[in-house]
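Here's a quick tour of one protein model, from its core out to its sheet and helix packing. Have the structure open as you read.

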Amino acid sequence: MTANGDRQLPAALAASMAVRLKCIGEDRVDFEPYGSFLTADETTDWLRAWTGNAELNGDDFRVFGQDGTGGYAAFWLVRPGMDLAKQPVVFLGSEGETGVVASDMDAFLWLLADGFGPWEAATSDEPEPDWAPQVNRDLAAIAERFAPGHRASAAAIIAQATDEFPDFDDTIMKLCR
């Protein structure tokens with residue numbers, strides 16, 4: 001990714017992010033999407049600040065949203081030669097939380113449709129005492145349009161991603177100084 005490179009979100013993600021923007025404050029999911037990916041420079045600055053490691057660059061991440069405290073949701077480019085949509089979606093929280101929340105964009109679309117954001121998927125903490133995920137019909141329609149045949153519950157999506165990338169936290173912590 002170059003500083004001035006293509007920052008446009010894939011169509012499926014852009015459609016979901018447009019719906020998520022309308023939901024902020026209404027569904028109590030702590031996720032604020034961006035209209036485009038952060039630039040390479042912004043991603044590098046964030047990763048260096050998050051890890052305390054000035055030697056890193058942000059080339060392995062495409063950040064597309066955040067929670068209310070500044071934790072980031074991103075694609076983690078860990079599958080060499082694979083399209084962006086086939087890369088896992090991760091969360092790196094402002095308090096050190098980490099998690100692979102979906103194995104790819106298709107799974108992430110269904111995670112959103114099931115009423116979860118990246119923070120809710122990455123942590124075992126409940127955002128509020130009476131919080132419960134609520135299916136979003138508009139997000140479900142987008143998921144059905146762009147990822148038919150990939151429908152799964154949020155619990156199954158999170159479990160699959162966690163099982164596939166059990167060392168994500170260790171990998172990230174090794175980058176920290």
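This is a predicted model: local features need pLDDT of at least 70, side-chain atom pairs count only at pLDDT 80 or more; totals for chains, interfaces and linings use all residues.

Residues are numbered from 1 along each chain as its sequence is written, and side-chain values use heavy atoms, with hydrogens and water left out.

**The cores**

Start with the largest nonpolar core, which has 35 residues. A nonpolar core here is a set of buried Ala, Val, Leu, Ile, Met, Phe, Trp, Tyr and Cys residues joined through side-chain atoms within 4.5 Å; buried means under 20% relative accessible area, exposed over 50%, partly exposed in between (1.4 Å probe, protein chains only). Leu13, Met17, Phe31, Phe64, Phe108 and Leu111 touch the most other members. Helix 3 gives the largest share of this core, eight residues. Helices (H or I, at least four residues) and strands (E, at least two) are DSSP runs, numbered from the N terminus.

Leaving aside neighbours within four places in sequence, Phe64 is in contact (heavy atoms within 4.5 Å) with residues including Leu13, Met17, Phe31 and Phe108. There's also a second, separate core of 18 residues, with Trp50, Val63, Ala74 and Ala161 among them.

Five strands make an open sheet in the order 1-2-3-4-5, with antiparallel pairing; two strands pair if DSSP finds at least two bridges between them. Strand 1 and strand 5 sit at the edges with a single partner strand each, so one side of each has no neighbour in the sheet. Strand 2 and strand 3 pair over five bridges, and Gln66 has Tyr72 of strand 3 as its bridge partner.

| Element | Residues |
|---|---|
| Strand 1 | 32–33 |
| Strand 2 | 61–66 |
| Helix 2 | 40–51 |

Helix 2 lies across strand 2, strand 3, strand 4 and strand 5, at about 80° to strand 2. Axes are lines fitted to C-alpha atoms, for helices over the stretch in contact, and angles run from 0 to 180 degrees between N-to-C directions.

**Helix 1 against helix 3**

Helix 1 and helix 3 pack at about 20°, axes 11 Å apart. That makes helix 1 roughly parallel to helix 3 (angles under 35 degrees count as roughly parallel). On the helix 1 side, Ala12, Leu13, Ser16, Met17 and Arg20 meet Met105, Phe108, Leu109 and Leu112.

Ala12, in helix 1, counts as buried because its relative accessibility is 5%. Beyond its neighbours within four places in sequence, Ala12 is in contact with Met105, Leu109, Ile142 and Phe146.

Definitions and conventions. Angles under 35 degrees count as roughly parallel, over 145 as roughly antiparallel, 65 to 115 as roughly perpendicular and the rest as oblique.
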